[in-house]
Amino acid sequence: MRKNREIKAIFAVMAVFFAGFLAVPMISVLVRSFTGNGEPASLAYYVEVLTGRGFLRALGNSFVVSICSALLATVLAFILAYTIHYTNVGKRYKWLISKAAILPMLLPTITYGFAIIYSFGKQGLLTKLFGRQLFNIYGFNGLLLGYVVYTLPVAFTLINNAMGYIDKRFMIVSRLMGDSPLQTFRMTIVIPLLGTLATSFIQTFFLCFTDFGIPASVGGRYEVVASVLYAEMLGSIPNFGNGAVVALIMIIPSVVSITVLHILEKYNVRYNKISPIELKKGVKRDAVFAVLSGAVLVFALSMFVVMFITPFIEEWPYRMNFTLEHVQAVFEDRQLYGVYVNSVMVALITAFAGTLIAYGGALVTARSTVSGKLKKVIDSIALVTNTIPGMVIGLAYLFVFTGTPLQNTFPIIIICNIVHYFSTPYLMMKNSLSKMNASWETTAMLMGDSWVKTIARVVTPNALSTLLEVFSYYFVNAMVTVSAVIFIAGARTMVITTKIQELQYFNEFNEIFVLSLLILFTNLIARAVFRRLARVSESRQSKAKVYKFSVKKKAA
Amino acid sequence: MLELKNVKKSYDGTPVLTDISLNIEDGEIVSILGPSGCGKTTLLNLILGIVDSDGGQIIYNGKDITDVPMEKRGFNIVFQDYALFPNLNVYQNITYGLRNNPEISSKEEVEDLIRLLGLEEHLNKRISQLSGGQKQRVALARTMVMKPKILLLDEPLSALDGVIKESIKDRIRTIAEQYNLTTIIVTHDPEEALTLSNRVMIINEGQIAQFGRPEEIIQRPENGFVKKFILNQLEIKKNNIFTLFAGQLAQQAQVG
């Protein structure tokens, strides 16, 4: 049982970390919902929030707009993924779709609102192009547009992956059995994807319901839960009690949706083999889907075009001359430039520490023989972090760490990001580790390696590509997160997204767009670099395999 | 009778099948045998109609079916991994095709098939509860319900072990005889091919290396490939078996 000593140490570190930065803060939100600013416990805040006229309407609004957005995003993502997997459009076009569809993910949602305002607003770029305003951007329309574009990458990634794992031979069987095209579509695509489509709907719903960036800019008078929470906390007199109650109510739908996701997981159809087939020729089908996908992407990305134009123009829309003035101004403004440096630093440290923690957790659950109870604890932590919206974690930290040395520091922002995004990296890591041969540790130990050496010499090199993916996931998310940090970033610890939130009050959209471009390019570069590294490490692994294989052959 | 005339196929300029011509009689069991990458699966796909040929003709009973789409040809296939619908149970899988064409098989015919393949006790099970051999039989039944003119089997035995292999071989033979069904089997295992079929077609590098009855192939291999690839393997197996049974054989010889 020597080997469990190290694992138990890892577990202890993780347990302390999440007790301090997840359990205690969340309990304090619960306590505050009864005691507010320190009064005796009562249900007064619940009564006040629930009977307040605005809140229930905001809650209803949140539901309506989130459900509409989730439905629309899932359908559009399905069209994109279908074009990639089930039509014979050119390879390059498929590549373009798969890359373009996830681009919005690399921008903070707070930028979306501005992109919408300066594209579809009264003086907007697209408004000018069409000669008239297409729709009223403030309120439901703007939110819907923003949410759909925001969640399209997530829905697309889910559906696109799942479609890749559908055995397309079933289409042949179905056709040979005399099914009509519609029956084939239902039997071999829709039914196997039902679980994924539901997952996509729920995930996107959850993202819309808890996002703060988009309603902050285009919500208008259409109040949603996130904007109510923000108003309660950062008004002239913060109301801790009401804030806590709103936060708790915000968690309920996410707890329900995550539970449903878990139940759905059991119904996912799994194929043991994926066989590529030649798709039936269908020129009409290909043309229709090529056009549809193109339209979806143009629709989703057109609103960002403005971001690349206005910062380079003297004074939109009055003096339309090209200039680098605004860009220069940002780089010369020590404060603004400093904010960018802060962001990159926070993202890097988040990625590094977050990857370590996710790796540690996954080692405990996927590669050790400690009792199931300990493993369950880690799994539950991942589940809980997945259900808690970023805004709620931020609020909880505000309650607990105000007045401590951690208040207004970078570590608190970094920890908040690590906790907020823990779930996905952990599951990626666990998945990858559990696929590795289970007897490696034993084998290495028989050859005289200590546990640490085994991890360093065998497990880590083989997990390298996943580690890099996790690193990149943490980095990109830390760069774009708004909702998790609005409550905890101080004047000295501004990151780009909170700066944008501040600039919003002064209508400094040139700065906003330049900063957004900086985030976009940083993320693009980071992703490209990590992809590259992951590919290099993967090809090294497969080379090693080929080598092993050839040795075997010779031996035979 | 199925006839292929000068059929060709290449992918992205790489020829996979160069010039295939062959005849298969009604009710015959034919194995297509060859190493992986030799083009045998492509040949199967061409006959089934999943893949279009680049040249040549496919003729069935005197009719040119080269341009007839897959579902109109009336052939059917059992895939190596069976491709059973995981969301339906055994009986629903078997009768899947009847939802679209109820008149294809009568209730009695379906019951006969179920009995012939020994599936009576499994009808209400989920696919995931079945063993490999059971899945293979369900897939066979599902395909047979469609009354195919030609039955294609893609590596029907490679996922099965020992005893089950032999019993499935028996079932395939029984079905072919009982329904006088032309059966084409793709396999990479010489023993399987030579013991299961009436004639064996050996393919190498996109061409037919030899097409003949099992005993012809054993006695008169037509080229080096057949000798090296097919006979060598069987020779080793034979010697192993002889060594195993050496004592017993010696005894029998003495008694005789």
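Student: Which residue stands opposite Glu315(A) in β2(A)?
Tutor: That's Arg319(A). Strand β1 (residues 313–315) and strand β2 (residues 319–322) of chain A pair in the antiparallel sense over two bridges. Two strands count as paired if DSSP finds at least two bridges between them. Strands here are DSSP runs (E, at least two residues), helices are runs of H or I with at least four residues, and both are numbered from the N terminus.

Student: And how many residues are between β1(A) and β2(A) in the hairpin?
Tutor: Three residues.

Student: Before I go on, what kind of model is this?
Tutor: This is a predicted model, where local features need pLDDT of at least 70 and side-chain atom pairs count only at pLDDT 80 or more, while totals for chains, interfaces and linings use all residues. Residues are numbered from 1 along each chain as its sequence is written, chains are lettered from A and ligands numbered from 1 in the order in which they are written, and side-chain values use heavy atoms, with hydrogens and water left out.

Student: OK, new topic. How many residues of chain A are in contact with chain B?
Tutor: On chain A it's 24 residues, and they are in contact with 30 residues of chain B. Contact means heavy atoms within 4.5 Å.

Student: How much area do the two chains bury between them?
Tutor: About 2,200 Å², with 59% of it on carbon and sulfur atoms. Buried area is the accessible area (1.4 Å probe) that two parts lose on being put together, summed over both.

Student: How many salt bridges are there between chain A and chain B?
Tutor: Four. A salt bridge is a side-chain nitrogen of Lys or Arg within 4 Å of a carboxyl oxygen of Asp or Glu. Over all chains, the structure holds 18 salt bridges.

Student: Which residue does Glu71(B) form a salt bridge with?
Tutor: With Arg175(A), the closest N and O atoms being 3.1 Å apart. The pair crosses between chains, from helix α2 (residues 70–73) of chain B to helix α8 of chain A.

Student: Which helices of chain A supply at least two residues of the side that touches chain B?
Tutor: α8 (169–176) and α9 (181–210) each do. The largest share, seven residues, comes from α8(A).

Student: How do the residues on that side of chain A divide up?
Tutor: Nine are nonpolar, six polar and nine charged. In this scheme Ala, Val, Leu, Ile, Met, Phe, Trp, Tyr, Cys and Pro count as nonpolar, Asp, Glu, Lys and Arg as charged, and the others, Gly among them, as polar.

Student: Let's switch to chain B. What is the strand order in the open sheet of six strands?
Tutor: The order is β6-β7-β8-β3-β9-β10, with mixed pairing. The edge strands are β6 (75–78) and β10 (207–212) of chain B, each pairing on one side only.

Student: By how many degrees are neighbouring strands of this sheet turned against each other?
Tutor: By 20° on average, direction ignored. Axes are lines fitted to C-alpha atoms, for helices over the stretch in contact, and angles run from 0 to 180 degrees between N-to-C directions.

Student: Do β7(B) and β8(B) run parallel or antiparallel?
Tutor: Parallel: five bridges join β7 (residues 150–154) to β8 (residues 182–187) of chain B. One pair of bridge partners is Ile150(B) and Thr182(B).

Student: Which helix packs on that sheet?
Tutor: Helix α1 (residues 40–48) of chain B, which touches β3 (29–33), β6, β7, β8 and β9 (199–204). The direction of α1(B) makes about 150° with that of β8(B).

Student: What about β9(B) and β10(B), how many residues are between them in their hairpin?
Tutor: Two residues, and Glu205(B) in the turn has a positive phi of about 50°. The strands β9(B) and β10(B) pair in the antiparallel sense over five bridges, and Asn204(B) stands opposite Gln207(B).

Student: And what's the order in the open sheet of four strands?
Tutor: β2-β1-β4-β5 of chain B, with antiparallel pairing. Here the edge strands are β2 (14–24) and β5 (63–64). α1(B) packs on this sheet too, touching β1, β2 and β4 (55–60) of chain B.

Student: Last one: in which strand is Glu3(B)?
Tutor: In β1 (residues 2–11) of chain B. The C-alpha atoms of Glu3(B) and Ile58(B) are separated by 5.9 Å, though the two are 55 residues apart along the chain.
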